[in-house]
Amino acid sequence: MAGIFYFFPSRHSSNEKAVNRYTFSVKKSPALFLDRDGTLIEEVPYLSSPSKTRVLSGVPEALAILQKAGFLLFVVSNQSGIARGLLDEGRLLQIQAEIDRQLGKAGACIDAYYHCPHHPAVGIPPQRRRCNCRKPQPGLLDQAASDFNVDWTRSAGIGDDLRDLQAFAARDIPAILVGTGKGRRTRQKLAESKMEPALFVGHLPESVPWLRRLLSKES
Ligand SMILES: [Mg+2]
Ligand SMILES: [Zn+2]
């Protein structure tokens, strides 16, 4: 499912992309893999409307700091609403544009958006299928890594759902659990199975100091 379609051309216009890819091929970059719903934006089940898209408070400023510090920012999102026929790819792009607009006010910009439109059991083929991109599978992370030169040793993932953390674990990067969205329930579930994320924070912005330390690690 990797493809140019999954880019929203906000930071990399088509001309820039070739140049940036060359740069990335020389130098590996740390990456931050961000879940969308409940982590970046307010959780709205099967969100299909840009007007209901709300980036969580403090997130634009936090991402601007992290991006400046050197992280590539990737959104990796399960969007089975597409398989379910609740939204289409055009709507999804409008929502991404709205996220970009809200982040842009603080000077932050997502490098690339990746999503899984599939569901294994619901909807109509080709979206109804078993895929390797629906989290907990790590396929969306792999798509990003094939488009950019990712330094896995200095990368991390942030999410509110067990599936996010499992996808990050599958690529051996530290998983940060946020308390927003489904996060508190997820933390409870983890505790019951005696598991812990690399870091738990109430809100994404609280992870900034920890992530800055990760960057100072030798690659
Ligand atoms: Mg989520
Ligand atoms: Zn998929």
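A: The answer below begins with the conventions, turns to the helix contact and ends with the sheet. This is a predicted model, in which local features need pLDDT of at least 70 and side-chain atom pairs count only at pLDDT 80 or more, while totals for chains, interfaces and linings use all residues. Residues are numbered from 1 along each chain as its sequence is written, and chains are lettered from A and ligands numbered from 1 in the order in which they are written.

The protein chain holds 7 helices and 6 strands (DSSP runs numbered from the N terminus, helices being H or I with at least four residues and strands E with at least two). Helix H2 (residues 59-69) and helix H7 (residues 208-215) have axes that come within 11 Å and cross at roughly 10° (axes are lines fitted to C-alpha atoms over the stretch in contact, with angles from 0 to 180 degrees between N-to-C directions). H2 and H7 are therefore roughly parallel to each other, a label for angles under 35 degrees.

On the H2 side, Ala62, Ile65, Leu66 and Ala69 meet Val208, Leu211, Arg212 and Leu215 of H7, contact requiring C-beta atoms, placed from the backbone, within 7 Å. These residues comprise 7 nonpolar, no polar and 1 charged (Ala, Val, Leu and Ile are among those counted as nonpolar, and Arg among the charged).

Elsewhere, an open sheet of 6 strands runs in the order E3-E2-E1-E4-E5-E6 with parallel pairing, where pairing needs at least two DSSP bridges.

Key
Angles under 35 degrees count as roughly parallel, over 145 as roughly antiparallel, 65 to 115 as roughly perpendicular and the rest as oblique. Two residues are in contact if their C-beta atoms, placed from the backbone, lie within 7 Å.
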